[in-house]
Amino acid sequence: SKATVSVLYWSALYNTTNMLRYVLAAGFAAAVQAADCGSLLYKQDSGCSLGQTLVDIDTLTACKSTLCGIMDPYALAHGADMTKKLAGSGYGCEIEDWDGTGVGDTICMSSGPSPTPPPTPPTPTPPTPPGPPGPTPEPGPTPVPGPKDESSSGGIDGGVIFLIVFFVGFAVYFAAGMAYMHKVKGATGVEMVPNLEFWKDLPNLMKDGAFFIKNKVTGGGYSSV
């Protein structure tokens, strides 16, 4: 009949929904257990340490089999939910109601990276006391400066400079004068020498000067040559 078919239909739908819920719950529990169960810590007669927190009821439920394997068989432990407790394998490893008394063991989990302790400051090394002073060295003899080497001074003597200037000026005088006499006056040969008469008389002038000096020294008279 139609009523029987309807009952069978809704019964099958209900069973399918329950099975789907069971599969989803089992999958969620397996995922939570794979992710968190390995990081849970069983604390006997003590609370959580720094950087840890009490485990939530969902993780406690999903990981109860793992926790019962590390708990004492007849131990009772709790997490963050203070109305529930986990009984050890001796009690069937079940989550039971708890009135908040008589349970001293806790289940903890890491709440984040452990704080890094501050670096230890280096131990100051005391300074080494100075040793006794050594003997004072006696002063050696003062070195006496030697004669100055004029040849290594690197400078040019004033007389050398005068001779260079004199001969260079003399050569320029003759070269310029001969060029002038040839180009302007049309002179050739010996006539190109500038001030030729002066240079011809120069020997006689030098001779007169020598006699003049000699007579001045000896006190004799002077007569022009």
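Reader: Which residues does Thr106 touch, not counting residues up to four places away in sequence?
Author: This is a predicted model. In it, Thr106 touches Leu41, Tyr42, Lys43, Ser46, Gly47, Cys48, Leu54, Ala77 and His78. Each has heavy atoms within 4.5 Å of Thr106, which is what contact means. Thr106 itself lies in strand S6, residues 105–110.

Reader: Why does Thr106 count as buried?
Author: Its relative accessibility is 6%. Buried means under 20%. Therefore Thr106 counts as buried.

Reader: What makes the phi of Cys93 worth a remark?
Author: Phi of Cys93 is near 55°. That is a positive value in a residue other than glycine. Cys93 lies in the loop between strand S4 (84–87) and strand S5 (95–97).

Reader: How do you know whether Cys93 is buried or exposed?
Author: Its relative accessible area is 13%. The limit for buried is under 20%, so Cys93 is buried.

Reader: Why is Asn195 called partly exposed?
Author: Asn195 has 49% relative accessibility. Exposed means over 50%, buried under 20%, and partly exposed in between. So Asn195 counts as partly exposed. Asn195 sits in the loop between H4 and H5. Its phi is positive, about 55°, although Asn195 is not a glycine.

Reader: What is the reach of helix H4, and what span is expected?
Author: H4 covers residues 158–183, 26 residues. From first C-alpha to last, H4 reaches 37 Å. The expected span is 38 Å at 1.5 Å a residue, and the reach is close to that.

Reader: Which residues of H4 are buried, and what do they pack against?
Author: The buried ones are Phe174, Gly177 and Met181. They pack against helix H5 (196–218). In an α-helix, residues three or four places apart point the same way, because there are 3.6 residues a turn.

Conventions
Residues numbered from 1 in each chain as written. Predicted model: local features only at pLDDT ≥ 70, side-chain atom pairs only at ≥ 80, totals over all residues. Heavy atoms only, no water. Helix = DSSP H or I, 4+ residues; strand = E, 2+ residues; numbered from the N terminus. Expected span 1.5 Å × (residues − 1). Buried < 20%, exposed > 50% of the residue type's maximum accessible area, 1.4 Å probe, protein only.
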